[in-house]
Amino acid sequence: MTIQTPHNRSVDTLARLLETHTGQQLSEARRWRVETSLRPLLRNHGLRSLDDLVGVLGHAPAGPLFDQTIDLMLNHESSFFRDLAVFQSLKTAILPELHERNASERRLRIWCAGCSTGKEAYSIAMALKHMGDVWDGWRIMILGTDVSPLAIDEAKRGRYTQMEIQRGLAISDLLRWFTPIGEYWQIKDELREAVNFQTDNLLEPRAVSGDFDLILCRNVLFYFQDEKRQIASSRLMHHSHDGTYLVLGAGETLVGQDTCYTPCPKHGCIYRCNEPRRGSPTSDGSAGCGHATRS
Ligand SMILES: C[S@@+](CC[C@H](N)C(=O)[O-])C[C@H]1O[C@@H](n2cnc3c(N)ncnc32)[C@H](O)[C@@H]1O
């Protein structure tokens, strides 16, 4: 049984703030780390304890202190080309199919929802470049969004440590796409200009408009309870059309009677949208994610 000390009550309050604002539930392991995660923030703001922080936030429930508190409790874990098998499927099957399907209009729209500090969106941009000049003359939009304004600031900056980059990125890509600046590596403008970033909460219909050919929403839905996952799921479906591909994290699923996505059996974690917003799933995607049409 958990003893309800003032400290535990403060952790409860902070966990509730996090869940109300982002939908993320703190796992038991992350609950234990709350104080450690927030310690630098307490120090910087001259606060002695989590109880003090909760007291201040009670009077000022928005603004930089609020953003920083939420940001430090969020899990921003990410890496370049995270889950290589997914990127292999994108490079060898999904992107070539989208290229063929959209050839007449030469338009491609990709959304990384919950993109953290940008590594996923930049990996997509690199994957497109790896395909050579086939995208020349196309209008390509890669949009990265995250609930955390601080993560989005870092994504826009595009500056990473050697350690961050080494997890997932081949040395050839490091040298091709980054410039060393002191102890950091700065993403080159060519790639930075290929991606747009903006703050967006998946639980609030706001910043993002239009539909997408490919949506990545990986390792975001995992800590949502069903009700919140359902809201996020309908948001993703709202931005889909017939044939949109959706990539989720391992073990993640959408929620909702009317989910229009069916899994692509050849490509784990990748789903294909059939008849968006209207409803019943079909088995169309099970043939291996081909024959897409545009609604
Ligand atoms: C574990 S990271 C995953 C990053 C990336 N998708 C990947 O798989 O490498 C989860 C990200 O989702 C963001 N996030 C959490 N709740 C969100 C919400 N309600 N709306 C948008 N982003 C959210 C977090 O801020 C965090 O940066």
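Which residues in helix 4 meet which residues in helix 5?

Guide: Please keep in mind that this is a predicted model. On the side of helix 4, the residues that take part are Leu 53, Val 56 and Leu 57, and they meet Leu 65, Phe 66 and Thr 69 in helix 5. Sorted by class, this contact of helix 4 with helix 5 holds five nonpolar residues and one polar residue, with no charged residues. Helix 4 covers residues 50–59 and helix 5 covers residues 64–73, and the axes of these two helices come within 10 Å while crossing at roughly 130 degrees. Because of that angle, helix 4 counts as oblique to helix 5, and the crossing of the two is left-handed.

Helix 5 also has a contact with helix 8, which is formed by residues 149–157, and here the axes come within 8 Å and cross at roughly 80 degrees. Helix 5 and helix 8 are therefore roughly perpendicular to each other. In this contact, Asp 67, Gln 68 and Asp 71 are the residues of helix 5, and they meet Pro 149, Leu 150 and Ala 151 in helix 8. By class, the contact of helix 5 with helix 8 has three nonpolar residues, one polar residue and two charged residues.

The protein is divided into domain 1, which spans 6–73, and domain 2, which is made up of 84–159 + 187–287. Their C-alpha centres lie 30 Å apart, and the contact between them takes nine residues from domain 1 and twelve residues from domain 2. On the side of domain 1 that touches domain 2, the largest share comes from helix 5, which gives four residues. That side of domain 1 has, by class, one nonpolar, six polar and two charged residues.

Definitions and conventions. Residues are numbered from 1 along each chain as its sequence is written. This is a predicted model: local features need pLDDT of at least 70, side-chain atom pairs count only at pLDDT 80 or more; totals for chains, interfaces and linings use all residues. Axes are lines fitted to C-alpha atoms, for helices over the stretch in contact, and angles run from 0 to 180 degrees between N-to-C directions. Angles under 35 degrees count as roughly parallel, over 145 as roughly antiparallel, 65 to 115 as roughly perpendicular and the rest as oblique. A crossing is left-handed if the near helix is turned anticlockwise from the far one by less than a right angle, and right-handed if clockwise. Two residues are in contact if their C-beta atoms, placed from the backbone, lie within 7 Å. Ala, Val, Leu, Ile, Met, Phe, Trp, Tyr, Cys and Pro count as nonpolar, Asp, Glu, Lys and Arg as charged, and the others, Gly among them, as polar. Domain bounds come from an automatic or database domain assignment.
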